[in-house]
Amino acid sequence: MAETREQHDQSIKDALMKQNAKTVTVLSSLLAIQDSLGYISGRAIDQIASYTGSTLNDVWGVASFYTNFRFSPPGENFVEVCWGPTCHLLGAQGVLDCVLGELGLKEEGDTGDRKVSLKFNTCLGACSQGPLVSVNHKIIGPKLIGDANPKDFQNSVVKIISDLKKG
Amino acid sequence: MASENSEINLIIDGKQITTQTGNTILQAAMESGLYIPYLCYYPGMKPYGACRMCVVEVENGRGTPASCTTPVAEGMVVNTDTQQIQDLRKGITELIISEHPHGCLTCHRTDINGANLCGPEDICLRHVSVTDRCVSCPKNERCELKDTTIYVGTGLTTPMTYKYRNLPVLNQDPFYDLDYNLCIVCARCVRACDELRGDNAITLTERSGISLVGPAYGSSLLESGCEFCGSCIDVCPVGALVESDYKWDKAVESTSTTCPQCPVGCQLKLEVNKRGKVIRVIPELEAEANRGQACFKGKFGLDFINKRSRLKSPMIRRDGALEDVSWEEAMSFVADKLNLYKGSGFAALSSSRSTNEEAYILQKFTRSVMNSNNVDHSSNMRPEVTEILGDVLGYQAATNSIWSIEESDCILVVSSNVTEEHNVASVAVKRGSKNGSKLIVIDSREVELTRSAKLWLKPRPGTDSVLLGGILKVIFDESLEDQEFMNARTDNLDNFKNSLWKFDLKKVQEITGVDESDIRTAARYIAESDSTSFIYALDNLNDAQRSESTRSVINLALATGNIGKNNGGLYPLRSGTNDQGSWDVGCVPHLLPGYKNLHDSAARASLEQNWGLNIPEETGLGLKEMFPAIITGDVKAMMIVGNSTNFSNGDLGDVLESVKNLEFLVVQDAFLTDIGMLADVVLPSVTFAEKEGTFTNMERRVQPLKQVLEINNTYAMPDWWIITELAKAMGYDSFNYHCAAQILDEISNNIPFYAGIKYDRLLSKEGILEPAGIPNFPIPSQMIPASGGRNTGIQWPCLDVQHTGVKVLYTNIDDSNKFSMQSLEIVDGTSVTTKEYPLLFVPGRVLHDSDDVKIEVINNKNVIVRDEVLQLNPEDAKRLDIGDFEMIQLESVDEKLTFQARIVKESFVGVVSSTTLFGSLITQLDASEDPDPMGNVPTLKTKAVRVSKQGS
């Protein structure tokens, strides 16, 4: 059963109150809510505005600036594919095409059944291991799972993702 | 800082320049008439440095800084036009242009090089793609970007490759058309909304190449807190933001005049097209009254001038129908009729939009020709707010200027719907609050300013005066008063202090429902601030409560020493556009011009001598007494100078019903209004844009109206002309006026504090008007001078023709004339509820409320659709058996409304409140054809209601 509005408001409030930052800013509040709810809802923006004493549109300006904030509830699983320069040179495009094909997506977004959310990432921070894929915040790369051949890695990734899809 | 106002010398392009510390290079250059191209900079806004157009070289400095963000320093040597800078600028414009359609620059048929191959009727020869054509941009030929690009010499001969963003053109907001394909993301609009208006309704969304301007999460402007002031349109350098009406029209002339919509008296440039229509309104950037701001009423509500329903010729009722007649016939008919009603059976009403001259001539006509003192102006609904002020201080007017509110340390707004009624004054309040002034709002309604308030005291309706008394009590209890000021300038202190004993804080808390601690906080804010501005309209109180609240506010100002101070003072908010002027020139029953008492026989005699006519001594009837007197038969004939007189707000009872009892009614109006339909004679008058005259605004500033349009297609005449002709037709040849300026001369001869105010002076050079002249470099459209120049007016008292007016009243200490502290009473706060209607309904208007708002497009305009919410106290809800979220019905004497119930603990027992969105008001205004649309929109007036479950 979906959360009622009151429950949603309460969880936003909790996330705002609990944030562990030296100074509470619009950005820290946005991060706290994204961490706890997985996304920034419209009501969250309202509440951040009143909590930090800024205005709705200011908060939106900050939130929409950063591509890492999302504004709709995420899928159950979260997949990121790196398309930064290093990964690109190491064959990210092939991995990306496989992942998109397996998920039936044309670009980043959520699958229809909301099982998987896909996001492109410009750097996952482990360029030496590329091309990288992150599944539910766990990094997967050819060297990390022992696939020497790019084709093998693509197949492994497809398998992992099809497992996610099955649940 | 000691160096704050010191001067700095620098050299720009070899020219020695002296400027103030803190200015940027760009400002210094502009001050001395040097031009540096810029796009994102705008006068009055903080430096932003987005467009980089204004780069300069500073000798011995590093790189090429943007001159709009670089502060001047002593001995700086700046070059703005070296080869390197020119190359850089060209590169920068190319970058900007590479995201902007620019067929207008590259088409070989445009007139960039002096050859205009494209005539007005020509068909575009498809030199460029359809989205790129000059004619598909609404700012074609008045585009700052294009002018700047040409100025910097970016020689574009062929179109650059660029990606048309192909965003939809948004044309569904009530007044704006938004085409973000043309946006260059200079963020002027975002900053105007935030810095200039204090609204922050739009923001920059996303980033880098896809960055755009818009309200939060893709919502519409209606929901985002937009006031529809049009400030963003005024500052936009390209065609991204334009007015949707007359979007494609080109202006051939622009004239600056005074806005007729409210007492702020904004100076507006009216742009006229070649067919003589007013197509655009641009607020004057350097006018002292509005400083470049306008509001939805001024910016978008002046289209009535162009309406075809304007009255065309005089009409006389014959056999029940109004028939067109000539002026001669109408005049002799009215003159004959009025000759029968001389004396107290005649009453006259001027309009809230009558100029000083018209109000003056009408009262002169009524007094001397008609031998009656029954003369008033139709917006004189709350005389208490200023009358008491006049009694205590001397002048019935605001003590300071509008924009000094912004500089006050504390701003107290008492029961005033400023954002709607006096919009630009609310800008000063919001800007002050944004810059750290403590804004205290005392209002039982949720008005727009409560959003910016540091402290919102929400007294039970009708108890505002008790709350103010409580605040005064705290000030004296805690010895926060300005003793020095009180000793020097006030008397009657003992009586006043004795009267304060009644306001025990516990009791005040009980009566008003406001927490004792909040009252104390408010008192400390007011008393401990260096300067406090007091703004009060008191528009939802009854007369007795209003008088008492006015006394309290004046007491507060005196107790805290905020009289005769630069940034602190009293601002009574009158309702009509020219209420101030109407009072000044004596268009009220009991006062002669210049606030001289009617019963003062010396004053009357001197005026009689000046006029060469007699003035009756008998006290006249005021606005509120006239209509009952019609029913009793005391008033038999009436003359109403209309121009949309607002009789529809219900304060006066059923005016339309009472005027039916008149034997003879003359109405002067530009439109056939409801009251005109009942008249025996209707005389067509012209609108503000077609006549000359003066308005006096809420800060005592006398500003001229200029004739923007010729009188076209109609025999309408200015109201002053009609009245003088009528007097002449009745045999009074001394009413021999041939222009409004002549009447103003007579006013200034009769009123000492208008003595130096002459029409030619208001329009002359004397530091009041700057000569028109269009510079040869591109500037924002708002800065282009109107023909005939701009006016800043003169603030009375202006004692002679050398005097430049007075900004702050009562700066001189006058021992013989001390201000008397007013004793206070606790006025019964019980309101208008009756047995039948036991609850009190308190409406409010807020700008943003994200709950359940749906925007629907009706007739190509956005309309807000939502269940209106009514807040009730749990106790009332229980008694009425109403649950949360239940649909309920609200009934008052004159209306029936459906609401969704919300049970809110904070609301008072016996009080139900609702808020409607500001945006929905806007759409209502747009749908109205009335010149004074505010009259048709429900005011935020408390009234008695009953509530029941729907269907029960």
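Predicted model: local features only at pLDDT ≥ 70, side-chain atom pairs only at ≥ 80, totals over all residues.
Helices (H or I, at least four residues) and strands (E, at least two) are DSSP runs, numbered from the N terminus, and two strands pair if DSSP finds at least two bridges between them. Residues are numbered from 1 along each chain as its sequence is written, and chains are lettered from A in the order in which they are written.

Strand β10 (residues 267–273) of chain B is largely enclosed by the rest of the structure, because seven of its seven residues are buried, where buried means under 20% relative accessible area, exposed over 50%, and partly exposed in between (1.4 Å probe, protein chains only). In a regular strand the side chains alternate between the two faces of the sheet. Here Q267(B), K269(B), E271(B) and N273(B) point one way from β10(B), whereas L268(B), L270(B) and V272(B) point the other way, and all are buried.

The largest cavity holds about 140 Å³ of space, where a cavity is a set of points, on a 1 Å grid over the protein atoms alone, at which a 1.4 Å probe fits but cannot get out, and lining residues have an atom within 4 Å of a point. The largest share of its lining, four residues, comes from β11(B), and the lining residues include V278(B), I279(B), R280(B) and V281(B). The second largest cavity, with about 120 Å³ of space, is lined by 17 residues, of which P101(B), C104(B), R133(B), C134(B) and C137(B) lie nearest its centre.

Further along chain B comes helix α9 (residues 356–369), whose 14 residues should span 20 Å at 1.5 Å a residue, which agrees with the 19 Å between its end C-alpha atoms; the expected span is 1.5 Å times one less than the number of residues. Helix α9(B) is mostly covered, as 14 of its 14 residues are buried, and α9(B) is followed by N371(B), whose phi is positive, near 60°.

Terms used
Heavy atoms only, no water. 1 Å grid on protein atoms, 1.4 Å probe; cavity = no way out; pocket = protein on both sides within 12 Å on 5 of 7 lines; lining within 4 Å. Points joined across faces, edges and corners; volume = space filled by probe spheres on them.
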